[in-house]
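Here are my notes on this one, point by point. Have the model open while you read.

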Amino acid sequence: MNWTFKTFDQLTNNELYYILKARVDIFIVEQNSPYKDMDGVDQDAVHLFLENQGKIIAYARIIPKGVLYKQPSIGRIVVDNQHRKSGYGRLLLQKSINWIEKNWGKQDIYLHAQVYLRDFYRSFGFEEISDSYEEDGIPHVDMIRTVPE
């Protein structure tokens, strides 16, 4: 198993299929939250994933500043339910942060987080910048990781 970073145009058809399948399986089916996953942002994003025999174990979408928010952001963060509590989520988020800092420079990073994962994101230095609100039937909060001055 290897961690892979690819732009949308670099993804193979199979990789794109399995990424979208993982997102649908977790966000729409598992969390029973019908929402519009195909939002037109994938084409601008860098896709980080860990794959094993065609199955996506962990995935995150790294979005440049100006596409959704004034800061770069990390979204669509998923870890396959059979691999949760295995450390892949921590590796995934750290690799995403590292990639942003290496390729776009040290800057604030934005997250649109599910409330139940607040403490996980706090452990990486993210802080809430909004009150909790409901989106697609799931409580969310906006968070940001600021670069020390």
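This is a predicted model: local features need pLDDT of at least 70, side-chain atom pairs count only at pLDDT 80 or more; totals for chains, interfaces and linings use all residues.

1. Ground rules first. Residues are numbered from 1 along each chain as its sequence is written, and side-chain values use heavy atoms, with hydrogens and water left out.

2. Let's start with isoleucine 26, which sits in helix 1 (residues 13–30). Is isoleucine 26 buried or exposed? With a relative accessible area of 8%, isoleucine 26 is buried; the cut-offs are under 20% for buried and over 50% for exposed, with partly exposed in between (1.4 Å probe, protein chains only). Not counting residues up to four places away in sequence, isoleucine 26 touches Gln31, Val78, Val79, Asp80 and Arg84, where contact means heavy atoms within 4.5 Å. For a sense of scale, 31 Å separates the C-alpha atoms of isoleucine 26 and lysine 106, which are 80 residues apart along the chain.

3. Now the strands. Two strands pair if DSSP finds at least two bridges between them. Strand 1 (residues 2–7) and strand 2 run antiparallel, joined by 6 bridges, and threonine 4 stands opposite phenylalanine 49 in strand 2. Strand 2 also runs antiparallel to strand 3 (residues 55–63), this time through 7 bridges; here leucine 50 faces alanine 58 in strand 3. Of the 7 residues of strand 2 (residues 46–52), 5 are buried, so this strand is largely enclosed by the rest of the structure.

4. Keep going to strand 4. Strand 3 and strand 4 pair in the antiparallel sense over 5 bridges, and valine 78 is the bridge partner of tyrosine 59. Strand 4 and strand 5, by contrast, run parallel and are joined by 2 bridges, with serine 73 opposite tyrosine 110 in strand 5. How many of the 7 residues of strand 4 are buried? The count is 7 of the 7, so strand 4 is largely enclosed by the rest of the structure.

5. Two backbone spots to check. Glutamine 53 lies in the loop between strand 2 and strand 3, and has a positive phi of about 50° although it is not a glycine. The hairpin of these strands has 2 residues between them. Glutamine 53 is exposed, at a relative accessible area of 81%. Lysine 85, also not a glycine, has a positive phi of about 70°; it lies in the loop between strand 4 and helix 2 and counts as exposed at 88% relative accessibility.

6. On to the packing. A nonpolar core is a set of buried Ala, Val, Leu, Ile, Met, Phe, Trp, Tyr and Cys residues joined through side-chain atoms within 4.5 Å. The largest one has 25 residues, of which Ile74, Ile77, Leu93, Tyr121 and Phe126 touch the most other members. Helix 2 gives the most to this core, with 6 residues. Apart from it lies another core, of 10 residues, including Leu11, Phe49, Ile56 and Val78. As for isoleucine 77, leaving aside its neighbours within four places in sequence, it is in contact with Phe27, Tyr59, Ala60, Leu92, Leu93, Leu111 and Tyr121.

7. Pockets, last. On a 1 Å grid over the protein atoms alone, a pocket is an open set of points with protein on both sides within 12 Å along at least five of seven lines, and lining residues have an atom within 4 Å of a point. Grid points are joined across faces, edges and corners, and a volume is the space filled by probe spheres set on the points. The largest pocket has a volume of about 980 Å³. Its lining has 40 residues, with Phe27, Ile77, Gln114, Leu117 and Tyr121 nearest the centre. Strand 4 supplies the largest share of that lining, 7 residues.

8. The second largest pocket has a volume of about 190 Å³. Its lining includes Tyr18, Ile26, Ile56 and Val78, and helix 1 gives the most to it, with 6 residues.

Conventions: Helices (H or I, at least four residues) and strands (E, at least two) are DSSP runs, numbered from the N terminus. On a 1 Å grid over the protein atoms alone, a cavity is a set of points where a 1.4 Å probe fits but cannot get out, and a pocket is an open set with protein on both sides within 12 Å along at least five of seven lines; lining residues have an atom within 4 Å of a point.
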